[in-house]
Amino acid sequence: METWWWQAFSDLMMPLDCAGCGEHGTRLCRRCLLEVGGGAARPVRPCPAPAGLPAVRAAVPYQGAARALLLAHKERGALWLARVLGGVLASVVRASSPAGHEARMGRVLLVPVPSAPRAVRSRGHDPVRRMAFCAAAELRRAGIEARAAPLLRQGRRVSDQSGLDARGRAANVAGALRVVPGGGAVLAQGRVVLVDDLMTTGATLAEAARAVRKSWEEDNWTCGPGLTQGRSDGCRTGLRGSRGARLPRAAVVASSPSSFEINRN
């Protein structure tokens, strides 16, 4: 089995082809770069949407160059793409700021959806975690206080999602994620944005949001006034808790094409 370092060495030594379209002579052509990162992030929503799914924004539909680049990074060890995709993810996070006012974002915590431990072992890396750190660095370069907070873990084994429908995926991941001990106190220190590379049915993001809410309730509810909780769509409610955090929003690089159609005016 090839390890991540051999993949990286191969990237340097072998002839270059665009990871998005295969054009010879460059690792990533301008056309593919613009296709994946040249547009404005938009709200997306699958249909049906699982209960508890937070407000989600995505950069592009999961097709064409976006699909090729995400697969190259995740499955084929193109680790250099983490910075490119992290930059795209950062632009989506910035688009999720209140009314587009980045100065009002405050401290941002990017919480990556974790890969299954067996997938990490097989691939040699956790692609979303890697992208989250690159996205946080890009946000800091833009003057936004941001950090990656990989606080979610799988609490039980889940099956491969690829052959499951929306209902099957929701059942497969229900209750599967947890926040590490003490993570709720960290989550209360800023605006939480769940990050992933791709949304299809939304089941995994809904489960991640459930785990975050549960951790907040357990670790922060009795810590004093200040936490303004919100609905799963990111809007505020009247519930009060502690430390000024909000229920999460979510940002992904790509989403199913149909989820963009649902949100078209």
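This briefing describes the fold, the charged pairs, the cysteines and a few individual residues of one predicted protein model. Because the model is predicted, local features are reported at pLDDT of at least 70 and side-chain atom pairs count only at pLDDT 80 or more, whereas totals for chains, interfaces and linings use all residues. Residues are numbered from 1 along each chain as its sequence is written, and side-chain values use heavy atoms, with hydrogens and water left out. The protein has 10 helices and 10 strands, these being DSSP runs numbered from the N terminus (H or I over at least four residues for helices, E over at least two for strands).

**Overall make-up**

- Of the 265 residues in the protein, 48% are buried, where buried means under 20% relative accessible area, exposed means over 50%, and partly exposed is in between (1.4 Å probe, protein chains only).
- Among contacts with a separation of 6 or more, 68% are between residues 24 or more positions apart, a contact being heavy atoms within 4.5 Å.

- Helix α3 covers residues 64–75, and its 12 residues should span 16 Å at 1.5 Å a residue, which agrees with the 16 Å between its end C-alpha atoms; the expected span is 1.5 Å times one less than the number of residues.
- Following α3 comes Gly 77, whose phi is positive, near 70°.

**Salt bridges**

- The whole structure contains five salt bridges, each defined by a side-chain nitrogen of Lys or Arg within 4 Å of a carboxyl oxygen of Asp or Glu.
- One of them joins the side chains of Arg 123 and Glu 75, at 2.9 Å from N to O; because Arg 123 lies in helix α5 (residues 117–123) and Glu 75 in helix α3, the pair ties together parts that are 48 residues apart in sequence.
- In that pair, Arg 123 is partly exposed at 22% relative accessibility, and Glu 75 is partly exposed with a relative accessible area of 43%.
- Arg 141 and Glu 138 form another salt bridge through their side chains, again described by an N to O distance of 2.9 Å, and the two residues are separated by about one helical turn because they are three residues apart in helix α6 (residues 127–141).
- Here Arg 141 is exposed, with a relative accessible area of 51%, while Glu 138 is partly exposed at 32%.
- Arg 210 forms a salt bridge with Glu 207, with the closest N and O atoms 2.7 Å apart, and both residues lie in helix α9 (residues 203–220), three residues apart, about one turn of the helix.
- Glu 207 counts as buried at 5% relative accessibility, whereas Arg 210 counts as partly exposed at 28%.
- An α-helix has 3.6 residues a turn, so residues three or four places apart point the same way.

**Cysteines**

- The structure holds zero disulfides, a disulfide being a pair of cysteine sulfur atoms within 2.5 Å.
- For Cys 21 the closest cysteine sulfur is that of Cys 29, at 3.7 Å, which is too far for a bond.
- Cys 29 is likewise in no disulfide, and its nearest cysteine sulfur, that of Cys 32, is 3.5 Å away.
- Cys 21 is partly exposed, with a relative accessible area of 36%, whereas Cys 29 counts as buried at 4% relative accessibility.

**Aromatic residues**

- A search of the whole structure finds zero aromatic pairs, for which the ring centres of Phe, Tyr or Trp (its six-membered ring) would have to lie within 6.5 Å.
- Arg 27 lies over the face of Trp 80, at 4.3 Å from the ring centre; this requires NZ of Lys or CZ of Arg within 6 Å of the ring centre and within 35 degrees of the ring normal.

**Two loop residues**

- Ser 256 sits in the loop between β10 (249–255) and α10 (257–262), and at 16% relative accessibility Ser 256 counts as buried.
- Leaving aside residues up to four places away in sequence, Ser 256 touches Met 199 and Thr 200.
- Ala 188 occupies the loop between α8 (183–187) and β7 (191–199), and counts as buried at 3% relative accessibility.
- From C-alpha to C-alpha, Ala 188 and Asp 219 are 9.0 Å apart in space, and they are 31 residues apart in sequence.

How values were computed
Rings of Phe, Tyr and Trp (its six-membered ring) pair if their centres lie within 6.5 Å; planes under 30 degrees apart count as stacked, over 60 as edge-to-face and the rest as tilted.
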